[in-house]
Amino acid sequence: MALELPSPPKVGMVSLGCPKALVDSERILTKLRSDGYQMSPDYAGADVVLVNTCGFLDSAKEESLAAIGEAIAENGRVIVTGCMGKEADVIRERFPEVLAITGAAQYEDVVGAVHDAAPMPPNAFLNLVPESGLKLTPRHYSYLKISEGCNHRCSFCIIPSLRGDLVSRRPDAILREAEKLVAAGTKELLVISQDTSAYGVDLRHASWPWKGGEVRAHMTDLARELGKLGAWVRLHYVYPYPHVDRVIPLMAEGLVLPYLDIPFQHAAPNVLRAMKRPANEAKVLERIRNWRDICPDIAIRSSFVVGFPGETDADFDYLLDWLEEAQLDRVGAFRFEPVKGAAANDLPGAVPEEVKEERYARIMEKTAAISAAKLQAKIGRTLDVIIDLADGEGGATGRSYADAPEIDGEVHLRDAPHAKAGDILQVLIEDADEHDLYGAPVA
């Protein structure tokens, strides 16, 4: 007589916000799957729906509240987690029927809430989960979170109040996770945190046993060891501390991708001081020149805020001049938006919305022109390109070392009928526009 197993409960997931929240969602799903739960791709098939929220900007909060409302309307059984969990009263006021609310990175609490809301039948077993865990990204790239929280108190940011002060993971634990990801097919590791440069400060940069030796809880040491695993290693959210200079030789050696994601936020000293960020912009330009001397191919991406309280026309012009000299490869810009609880809300000199829009348009025009010139200079070069999508008929889309997924440009390929997602191909660059490259695989 065949044994008939009861069907385990199914869990749906809506994941909002940044890659760090995406990693949280993956960890939650991995734990639930290992507990025997099944995943549902839609509301109708789910016994309970998790909504992992973002609470950084007011617009992100509204998106999170809308997602909660949709989940309640479509399913009715909803658990909320993530950054907006800090504002449980706001969520409860609008959606009193929410089953439970937990904060960011509270894995045990949210898993416990799922167990309460949709208990596992007592006979469920065979809880098979890949050692690398469940992923919400394509198989060939993975986000690798190395710490939680942040010790900075930038006046426009509420991340420390949402996620707390810096808490670094042990380096051996990070490297074991990275090894499992690479063994499972990951070709690109994207290192993320709130402040990657500060990794290990809270651990006093102590060392742990690793592979017959020791590895220190420090960004440089961790990057070097990750570079030995055979995958691309891309560093995100790098604060420009002096020791970042020691990572550049690793890029020149090929251990780490020649790519730095540094959120400078502004260049004008007055604005940087109001933001409570380092204001030595001249030294930053000198360091960028030194980095390019050591590793000429280094790609630097950054983000900037326009319309910050007190930003004058002179401050904004200073920023444009700084960008002209810095010649950053990839730039994103944001109009200042007040965030509930941020100190910047109380600063004098609010910038009118129409001025914000005008400045935003000017900075995007400036950075697009810089990007176009830099990409034009790559025509005729052969670059390694990791494939993200392939249509099987010769068309494919991928990324070079200078392109992080979803935030930077792409490389569009022709005559690549055998390309598959995760392949790393040598591509001759034939053309370029303001953001993307175009080419064909080298025979």
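Visitor: Which residue in β20 does A432 stand opposite?
Guide: In this predicted model, strand β19 covers residues 424–432 and strand β20 covers residues 437–441. The two strands are joined by 5 bridges and run antiparallel. Across this pairing, the residue opposite A432 is L437.

Visitor: In what order do the strands of the closed barrel run?
Guide: The barrel is closed, holds 5 strands and has mixed pairing. Neighbouring strands of this sheet are turned against each other by 50° on average, direction ignored. The order is β16-β17-β18-β20-β19.

Visitor: Is strand β9 enclosed or open, and why?
Guide: Strand β9 spans residues 188–192. On one side E188, L190 and I192 are buried, and on the other L189 and V191 are buried, which covers both faces. Because 5 of the 5 residues are buried, β9 is largely enclosed by the rest of the structure.

Visitor: Which residue in β9 does L144 stand opposite?
Guide: L144 belongs to β6, the strand of residues 141–145. That strand runs parallel to β9, and 5 bridges join the two. In this pairing S142 stands opposite L189, while the residue opposite L144 is V191.

Visitor: Which residue in β12 does L190 stand opposite?
Guide: Strand β12 covers residues 232–235 and is joined to β9 by 4 bridges. The pairing of β9 with β12 is parallel. L190 lies in β9, and its opposite residue in β12 is R234.

Visitor: What ring does R234 lie over, and at what distance from the ring centre?
Guide: R234 is placed in β12, opposite L190. Its charge counts as sitting over a ring if CZ is within 6 Å of the ring centre and within 35 degrees of the ring normal. R234 lies over the face of Y259, at 4.5 Å.

Visitor: What is the angle between the ring planes of Y141 and Y143?
Guide: The structure holds 7 aromatic pairs. One of them is formed by Y141 and Y143, with 6.3 Å centre to centre. Both residues are buried. Planes over 60 degrees apart count as edge-to-face, and this pair is edge-to-face at 90°.

Visitor: How many residues apart in sequence are the parts tied together by F264 and W322?
Guide: F264 and W322 form an edge-to-face pair, 5.4 Å centre to centre with 70° between the planes. Each of the two residues is buried. F264 lies in the loop between β13 (259–261) and α9 (269–275) and W322 in helix α11 (residues 313–326), so the pair ties together parts whose separation in residues is 58.

Visitor: Are α11 and α12 roughly parallel or roughly antiparallel to each other?
Guide: Helix α12 covers residues 353–376 and packs on α11 with the axes 10 Å apart. From α11, residues including F316, L320 and L323 take part in the contact, and from α12 residues including R359, I363 and I370. The angle is about 10°, and angles under 35 degrees count as roughly parallel. The two helices are therefore roughly parallel.

Methods: Residues numbered from 1 in each chain as written. Predicted model: local features only at pLDDT ≥ 70, side-chain atom pairs only at ≥ 80, totals over all residues. Heavy atoms only, no water. Phe/Tyr/Trp six-rings, centres within 6.5 Å; stacked < 30°, edge-to-face > 60°. Buried < 20%, exposed > 50% of the residue type's maximum accessible area, 1.4 Å probe, protein only. Pairing = 2+ DSSP bridges. Axes fitted to C-alpha atoms, helices over the stretch in contact; angles between N-to-C directions. Parallel < 35°, antiparallel > 145°, perpendicular 65-115°, else oblique. Contact = heavy atoms within 4.5 Å.
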